[in-house]
Amino acid sequence: ISIREDINAATVYMNSLRDHIYAESVIDDQPIYHSHQYLDSNALHFWLSKYQNTFFPASRTTVQYVPVFIFDFSFTEMMLLDRKKQVVSFPDMVIGVQTQEEVVRLPFKCDQIGITTDGRNVTREILGGLIQTLWGVLPTGNYWSQAHGRLETDFMWNVGRTPFGPFSNSAEFSFVQFEGIYKPQLYQLINQTISHVLEPLLNVQRYGFELYHLLGDYEYAEFVV
């Protein structure tokens, strides 16, 4: 889909485009201002949700799908989501952006060295966004803070084999990601199995019995605990 030819795609793009102005240096006591454009991910999510049925026909089957929207620009200027990300994951979609710029500077440093990424290929970031959307796997740099009651960020864990974050180039999944994918499915299967087993036992009241009538003292105590 071309932004130049599709009015809805152009609407999504233009309504999500933002300008960031910052002072990069000072010459003769006068700040030198620069600006660059970026895309607001929340605005993109809103407008893509509104127009996504115009980009591809609505599915008539019961199969659920997760759309992946990639803005693939032909220019070489830097373009990111929210000024620091190439991909953002939402519960119902994944949004990415790539350009023809080989070296894109990110607002991060490691050992006082600026972090860059290849703006031409977001495959790695898309993998991370998909496992976050499909299975709820948190980025490796995020954790839940009980004290603050919110998600916090610790970039120390954003290295090595992880498709998340700017401090790794690996597209491989570590044990953490595989566990995050399979463990919820295993828990769901266990929960469904227990529910199917408990249902007939918990319905004995319809026949004038209580569960303790059918089980011995030890079995009943073990069952209810």
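D82 counts as partly exposed, because its relative accessibility is 25%, where buried means under 20% relative accessible area, exposed over 50% and partly exposed in between, found with a 1.4 Å probe and protein chains only. D82 is placed in the loop between β3 and β4, and although D82 is not a glycine, its phi is positive, at about 55°. R83 lies in the loop between β3 and β4 and has a phi near 70°, again a positive value in a residue other than glycine; with 35% relative accessibility, R83 counts as partly exposed.

The model is predicted, so that local features need pLDDT of at least 70 and side-chain atom pairs count only at pLDDT 80 or more, while totals for chains, interfaces and linings use all residues. Residues are numbered from 1 along each chain as its sequence is written, and side-chain values use heavy atoms, with hydrogens and water left out.

For the chain as a whole, the secondary structure comes to 6 helices and 9 strands, which are DSSP runs numbered from the N terminus, helices being H or I with at least four residues and strands E with at least two. The radius of gyration of the chain is 25 Å, whereas a compact globule of 225 residues would have one near 17 Å; the radius is taken over C-alpha atoms, and the globule rule is 2.2 Å times the number of residues to the power 0.38. Along the principal axes, the C-alpha atoms fill a box of roughly 90 × 45 × 30 Å, and buried residues make up 32% of the 225 residues.

The aromatic side chains can be taken next. The whole structure holds 10 aromatic pairs, a pair being rings of Phe, Tyr and Trp (its six-membered ring) with centres within 6.5 Å, where planes under 30 degrees apart count as stacked, over 60 as edge-to-face and the rest as tilted. The pair of Y13 and F73 is tilted, because the ring planes stand at 55°, with the centres 5.6 Å apart. This pair links distant parts of the chain, 60 residues apart, since Y13 is in helix α1 (residues 7-16) and F73 in the loop between β3 (68-72) and β4 (87-90). F173 and F178 form an edge-to-face pair, with 5.7 Å from centre to centre and 70° between the planes. One aromatic cluster is formed by Y13, F71, F73 and F75.

The table gives the accessibility of the paired residues.

| Residue | Relative accessible area | Class |
|---|---|---|
| Y13 | 12% | buried |
| F73 | 8% | buried |
| F173 | 18% | buried |
| F178 | 37% | partly exposed |

S2 lies in the segment before α1 and counts as partly exposed, at 29% relative accessibility; S2 and D72 are 70 residues apart in sequence, and their C-alpha atoms are 9.7 Å apart. K109, in strand β6 (residues 104-110), counts as exposed, at 58% relative accessibility, and its C-alpha atom is separated by 9.5 Å from that of P166, 57 residues apart along the chain. Leaving aside neighbours within four places in sequence, K109 is in contact with G114, I115 and F167, contact meaning heavy atoms within 4.5 Å. Among contacts in the chain between residues at least 6 apart in sequence, 53% join residues at least 24 apart.
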